Each structure stands twice: as structure tokens, then as C-alpha cells.
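Please look through the sequence and the structure below, and keep both in view while reading.

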Amino acid sequence: MPPRLCALCNEARAILKRPKTGQQICKECFFWVFETEVHNTITEAELFKPGDRVAIGASGGKDSTVLAHVMKTLNERYQYGLELFLLSIDEGITGYRDDSLETVKRNQQQYDMPLKILSYNELYGWTMDAIVSQIGKKNNCTFCGVFRRQALDRGAASLHVDHIVTGHNADDIAETVLMNIMRGDIARLGRCTLICTQGEDTIKRSKPFKYAYEKEIVMYAYFKKLDYFSTECIYSPDAYRGHARVFLKDLEAARPSAIIDIIHSGETFEVKEEVKATQKTQQTCKRCGYMSSNELCKACTLLEGLERGMAAAAVTERARKKLDAEGPAPENLRTIPFYQQAHPPTNAAGLPI
Amino acid sequence: MSCGNPTVEGESIMPRRKKYDKTRYCVRCKEAEGNIVIRHAVYCKDCFSPLITHKFRKGLEPSINRKPDLSRRTALKPDGNLLVGVSGGLGSTVLLDLLHRCYVSMDESTMPSDGGRQHPRHERVWKKVTVCYVEMCDAFPGMRDRTSDVERRVAQYAGLDFVPLRIQDAFDPEWCRKVHASRKESSFSVDMTTEELRLSAIASSSASTPLQALHGYMSSLPTATAVPTTVQTLVRLLLLHTAVQSGSSHLVLGTSLTSLAVSLISGISQGRGYNLKEEVQEEWVPDDSDEPCPPGSGSKQGGARARKPYVRVIRPLRDIGRKECALWAWWRGLNVVGKEQQPWSGAKQDIGILTREFITGLEKDYPSTVSAIVRTCSKVEPKGRAGGLCALCARPIQDGVQEWKSRISIRSRDGSQREPSPTSATLTPRLCYGCHTTLTSRSSRPAPSLGLPSSDRSTVPLPLWVGSGVPRSRLSEQQMKDAVSEFLLEGDTS
Amino acid sequence: MSGLVSVKVEFSGGLELLFDNQRSHRVSVPSHVSTSGKKTLNNNEGTDAGEGRPADLAHLILWLRDNLLKEREELFVENGTVRPGILVLVNDTDWELEGEGDYQLRDGDDIVFISTLHGG
């Protein structure tokens, strides 16, 4: 049998079956479609403008390593005119994050980008190791998730960037669409398929890999021989999300387009106006100044619970009331440092819901 | 960020609750010991019946009058008759039973207690109630024909008409003429090997039998998921056309809360997010709506006034879980005809079945999951403009679907979409995202064989209703004249 | 104490097809489960009853699987209990109110298994 030709260029020998379309293509065409689709995502959403300072949320894992590589490639190829930075968060997980940060430091050399590392310890006075030793493994992902999101925003502010890009891929988004529907989380359902949302101080956050399959990201890293760190976090994720992940993988096995089909579904609907009206409006946290839907932002609430030895306070309504009943917060509570944006926000329009 | 759990943002935990709250006593009468737990709430057997009939009426009555009416004192005056779609399964068995008790035999115990006997809701609502069953055994070899079982089951209730159909009626010109599903004499076939789905007209001389057409269509579907999805769409359209033909303004289906949650998630997973609304409730106006009403449709209801035919599809069990349905059937001694589908080789590759297993497993540990799914989906609405109705499933198409597809997944190197030549008609622009995906999206493995005799032609016949609206390849002289008339100079009208 | 407990078992909603298409069965199962025991049981185990813990509903389910079930076990049992989507009634009451598998069998109990997996 003669070698099978690439379905895209009809010249080179096909060496892989593309997970997203099932087409058999050659290596060069794979790089080209992968990068061009990300470029399409960026230009269609008009994510950047020349001169933007953009931080890449870098964990050392496959998604953010490939993201850094592709952002650098596209920035040069299409002359986006972006100034790129690497921003890493050190959660303080021994045997996991300390190793992956070594990868990020190598990436800094390889890609020649400035790197900023911000630690939970520095911001919150707690490492994840310390948090887990106090609260156990059960809800620790809640803490880590809230803390990381805020840490990224604060780190970005200290770098004076306009924009953070993260390595969330199509699988992550499809899974989140399903999760938000099953949990009835309307506010997040409306937001989760948006390519770009606005965080703290109008720093934009976006997901250029929104339509990139996890399998293709791994393939890209493999064929480009990119240096990444691949170990699962030692503190395990929650069971409910685990179910959704397994389900999504089953769907993908049944019909590979399922991932993109779910994202398409998520983009075709929006929260009804009358439902939006009943949702909480955003305010700023009275303690640290971060945007929040309550008087205290999630991170400050979690932190207060930790400091007062009542870690469940921000996890359930009931525990929060119990905390309030215990009296006001002590005077000497830690305030999470607030980094001021250096230049006036470029987009001061209303915050997203 | 890759932490293995990347999108956790707060309330990631889903605490497992005890199966029932507080006590074993019924939450309604607070006297009797409970017999059933419904999503954490305990009910006794005596309170269970009125609870179910109440939920059933609440799921149906506000949609009976043309204008949605929430007042409980208005008389119920539907625009036409009622069609009940049954499969012989649990949901439709319970639906038929409730419907007969409440609206045909007028069982007093199901009536609202307030307002006394003069309450307008005590009058008979529908003049004619028809039950329609679509036998699908010809699409799955080895499946038993259950038409007579279902017919016997329906015959146990007095006062119902029974219409048995077969799935291949969708390809039967005889049936189409009878229900006015298509005015076109010609039918079309499609080439399923390409993304554009090229169409060609079938000459009536070379037409195959409806059964051959069904087999050709089914066996050329690319994935296991496409098979049951296609069957469902065929059944839905057969029911809709039957509703119009029987002069019915309402079609009711036995979709329970649990099955609704499954079909919502399964629909989302197949790219049908734009049609979530229709999955819950829809109103369908036949394509040829300028046609006179078929005989018997509504015109007798309010004098000679002919109504424009429309069919409102309602799922009155949408607030009643599968568990409550099973218990209703058990306590009422109802025999469920349908049995679990024979496992075919494609089951593990079928998104519908995967979703059902996933939701069923989740419901066991987290009983509120199904109602959360349905509630969430009721809080969203389709975004953007609709560009007509899908030729296959007759639901709204979102504008710009094909552009989206080609931008997100590049399939050719020249960048631009290959424009199909204007002379060859294609099906793709007339399909919704979900139906296009059903016909074109492939799996890395070939679709499991249905074991049906497949056609040796490269193109397969389409359901006949797809015919209406396809542009004719040859315009009549008059049509051509009309099309160019504004460019013609005066006097040049020879 | 007698070595056997006698209960009525009924199957509905299509489950009867797995049990020889017979809806109602009267069965006698050992009233006590050997505590040393494994999960699988057989008919002869009833002989040395009187030892171990009293037989519960979880035990009955496995006993039915091993002694009465005729085909396709995966449609009845999953992970050592009934498959999700099967409703269990103990004397006309949801087993969730009776402690599910921990319910201790008594002579004359009426146990019903109903499959809810038949769709619309």
C-alpha cells in the first residue's frame, strides 16, 4: 500500500490522525492548523491590540507551556506587537509546584520572556501544604481555585499588564459547561464559554486555547519536543467533577466532535434577561478592595475562616452564618496586599456579570 | 493552568446529603409514615396520588389555551384535538393513564377540590383524543414488533382513537400525501460522503420502497450516536404531521423529569444547545401553512372559523421523575409494554445511552441533579438570530453555523470554504448544527453495523418532508422571467 | 431460631425478563450470613445458619443474583448492589426509608424491584 497522503496538503505523508476532525495529516500541516485555529480564535474575538502587555499564566504544565510557545510564535508571525510575560503562582505544594516551577524557569530562558513568580505564602500568609494540614484534603480545591484566580490578577497588576492569557483548553471548557448546568450555576454558565472576561481592575483574562483539544495540545508538545512538567496535583480534585471528566472522555471516544459540539451548544444560549436581573451585582471587597459579589470577597472570607480556625466558613452558607455569629472579625486580620495598576484602565466600562 | 483540576472556582464541592430530610413522616400530611422519598422529601402513599395528579395538571393546563393562562379559573378551550404520542415505555404508559383519568373518564379524585362541581375545569376539555404509536422495529433488526401489545394496552381505555405508524412511513409517498407532509411530487437523495451533503432528485421510476429507503438511510449514518438520534427525529416529525392531520393543536409526550434531563444533556453534547427550549416545549407550524386546514382541524370548534394549523408539543410529566413514574405504574397496576432495548453493538458508542447511564448513576448519589439540569436549562434562551427551520428536524437554525464550524476546525488548506457549485443543490445550508453533525461527524472507529441491508448506491433517499423548500434545479420560464424582470428594459418582454 | 427467612419477591418494569419472565417469587434465604463469608453465596449455605449477622437486603440482592437470576446480571447488579435506576420497595415503602441494603429481612416481607429504565 502506498503511504497515505496528508488530507490537507496532498503532498507529504500523513503521520497522525487529527483528534478534532479525524483527518489524516502530516506534521507540518498539523502545526499549521493548530496554530491557525488559535490565531483565528484571537483575531475573531479581537483579543489584543498592538502594544498590549500580556501575561501568560504559566504553571509548567502542558497547556501553559504550549500556550507560551504558540503565543510567541503567533506574535512574531502575525506581528501582534505584544509584550509577553510569564506569570507563575507558587501555591506552596511540596513535590509538585516546586518541581513544575523549575520547568517554568527553563521556559523563561527558552522563550526569552520575563518571569514573575508570586506565592500564596507571600499574598495570603498560607501555603497549600499548610492549608491542607489544617482543613484536610476535602475542600482544598476550593481554596486553591479562589486563591489562584486572585493571585493571577494581583500578579498581573504588579507586572502592569493589560491582559492575562491562560491555558484552558476545549476539554476544560466543555467540562465546565456540563458542570455548570448540572450544578445550576447560572452566573458561571453565562460566563464560561466567553473567550474573554474581565477580572480585577479591568485586567482582561482570556483563553486562546478555547477550541484546542487537550489531545492536540499534548501532540503539539510532543512533536515540537517542548519541555513540560506532567504530574497530577497531589491533592485530589473533587469527586463530582471527576464524574464529569470521565463522562466527557466517554463522549469524546464515542464521537470526537462532542467536545466542540458542547462548546458550540454553550455559545448558542444566554441567560434570560429576567434571570440576570435577580443576580447579585458586583461590589468591591471591604477588606482588600478586590471585586466581589459580597461585602467580603471569596479569598478574604476563606482566609478569615482559616485564621480563625473555621475553614468551612466560605464553603457553606450555614458555616458562614456561624462565623458571623461568633462576633466580628478580629482587628489584626491579614489584609491581602493590593497591587495598583500603573496606568489608567483601558476599559472602564461595566464589569461583566 | 494545569493543576489537573483547572476550572475550580469556588463551590466545587457538591455535598452528598442524606437521602431524606429529618423524619420518616410524610411532609404533606405530617401524620402517616412515608412510603417514598422524592428528591429528599418524604411522602406517604395517600399523599402521593394527589401530588402526582397536581404536578401533571400543572405541567399541562397552563399551555392548553392558545394564550398561556396561569389563572386556575379560566375554562380550558384548546384550539383543536389532542394527540398522545406513546412508545409503550414507562413515561408514556403513565401519561396515558393520567390523561385518561383526568380528561377522558373525568375521575373526580383528580379534580381540583376548590370551586366545587361548577368549576370550569370539570368540563371535558378535548372532543377527540388520538393515541399514536410509531413502530421502529424495522430500523433495528431483532427488535420485536410491539404494535399489537401497545394497541391492546390503549384499548383498555375507553374513548381513545388509535393510530399505529411505522418508522418507514417517513419515506412513504402514500403516507405523505395523506398527512400533507409534502406537496412536492419529487423526492431527494443525499450524498453522505461529503461535508456539503449534495442533493439529487430521485426520479419516481427509480424510487425504492419505503423500507428500502429507510434501510439505505439508516445504514449510511456515520456513527452509533447518529442512529437513535435519527430515529428520534423521524418519530418526532411523524407525530407532528399526524397531529396536524388529526386536527390536533396539542401533542403530549411522556417525557419524565429524568428523561428530559437526559435529553437536554445529550442534546447539548450533540451541539443542539440552540434548541434547548424546543426540547422542553415547542410550537410547530407546518411548512405549507398557507394550505387549507385538513378536515376536522379545529374549524368545528368555534364555528366556521378556520385556524392556521399549529401543534404545541407539551411534556406534562416534565416535573415528575422516573422514580415517581415507576411507583405510579406499580401502585396503579399498570403494565409497561416496552422493554429495555436490546443492547446493540453501538450502545457503548451512543451519546444518548452514555448520557442516560451517566445521569442515572449521578441521580443515585445526588438526587437533585436532574431537577437542577432542567431548572438551569429553563433559565437560558437562544442567542442570536434564527435563520429558518432545519430541513430534517424542523427546529430553528442559528445563523452563521457553517462559518463557525469552518473557523473552529480548519478542514482545508486554501483557507476559504469551498463554495459548492451553484448548480448542485446541497443540504448543508438547510440543516441545524445538530443535524449536520449527525450526518457528517465521524468517529475514529467505523459505525457499528446495524445489520440492515444497505443500498449499493452512493446516495441515499431522505425523509420525504425534506423535499419541500429545496430549490428546483430548473426554473420554469415564468419564474425566470420574474427573477430578471426588474433588469429588463421596457418593451423587451417578448 | 429457624435457619431460613421466607420473603416474597416481585419484579416489574422489565426486570422480570431477567428472572424467567416470572413476576412473583417466594424465596427462603438463610436468616444469617456467615461473617467470615465472601460476597458470593450458594444454596447450601443455609445449613449452618444461626451464626453470623442477620441477613439483610444487600444479602438478598446477591442471593437473588446467584440463585434466581437467569440472564444478564449486569442489568440487575452493579458494584455489589442493585444497578442505578432500579427502585426497591420493602413492604410498599421505598427502601431509602428503610436503610437500603442494611434493612434486616423478616419473615413475610414483600420485596419489590422495579426497573425505571424504560424511557418515555
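A:E270 stands opposite B:E381, a residue of strand 11 of chain B. The two residues belong to a pairing that joins two chains: strand 9 (residues 269–271) of chain A and strand 11 (residues 380–382) of chain B pair in the antiparallel sense over three bridges. Strands here, like helices, are DSSP runs numbered from the N terminus (helices are H or I with at least four residues, strands are E with at least two). Two strands count as paired if DSSP finds at least two bridges between them. In general, strands of a sheet pair through backbone hydrogen bonds, either parallel or antiparallel.

This is a predicted model, in which local features need pLDDT of at least 70 and side-chain atom pairs count only at pLDDT 80 or more, while totals for chains, interfaces and linings use all residues. Residues are numbered from 1 along each chain as its sequence is written, chains are lettered from A and ligands numbered from 1 in the order in which they are written, and side-chain values use heavy atoms, with hydrogens and water left out.

How many residues of chain A are in contact with chain B? There are 77, and they meet 62 residues of chain B; contact means heavy atoms within 4.5 Å. The area buried between chain A and chain B is about 6,600 Å², and carbon and sulfur atoms give 59% of it. Buried area is the accessible area (1.4 Å probe) that two parts lose on being put together, summed over both.

Across the interface of chain A and chain B the rule finds one salt bridge, that is, a side-chain nitrogen of Lys or Arg within 4 Å of a carboxyl oxygen of Asp or Glu. A:E44 forms a salt bridge with B:R407, and their closest N and O atoms are 3.6 Å apart. On the side of chain A that touches chain B, helix 10 (residues 239–254) of chain A gives the most, with nine residues.

Next comes the interface of chain B and chain C. Here 33 residues of chain B are in contact with 27 residues of chain C. The buried area is about 2,600 Å², of which carbon and sulfur atoms give 53%. Five salt bridges are found across the interface of chain B and chain C. C:E96 forms a salt bridge with B:K323, with 3.4 Å between the closest N and O atoms. The elements that give two or more residues to the side of chain B that touches chain C are strand 1 (36–38), helix 2 (90–104), helix 9 (322–331) and helix 10 (351–365) of chain B. Helix 9 of chain B gives the largest share, six residues.

Six strands of chain A form an open sheet in the order 5-4-3-6-8-7, with mixed pairing. Strand 5 (115–119) and strand 7 (196–198) of chain A are the edge strands, and each pairs on one side only. Within chain A, strand 3 (residues 53–57) and strand 6 (residues 163–165) pair in the parallel sense over three bridges. In this pair A:A55 stands opposite A:I164 of strand 6. Helix 2 (residues 62–77) of chain A lies across strand 3, strand 4 (83–90) and strand 6 of chain A, and runs at about 155° to strand 3 of chain A. Axes are lines fitted to C-alpha atoms, for helices over the stretch in contact, and angles run from 0 to 180 degrees between N-to-C directions.
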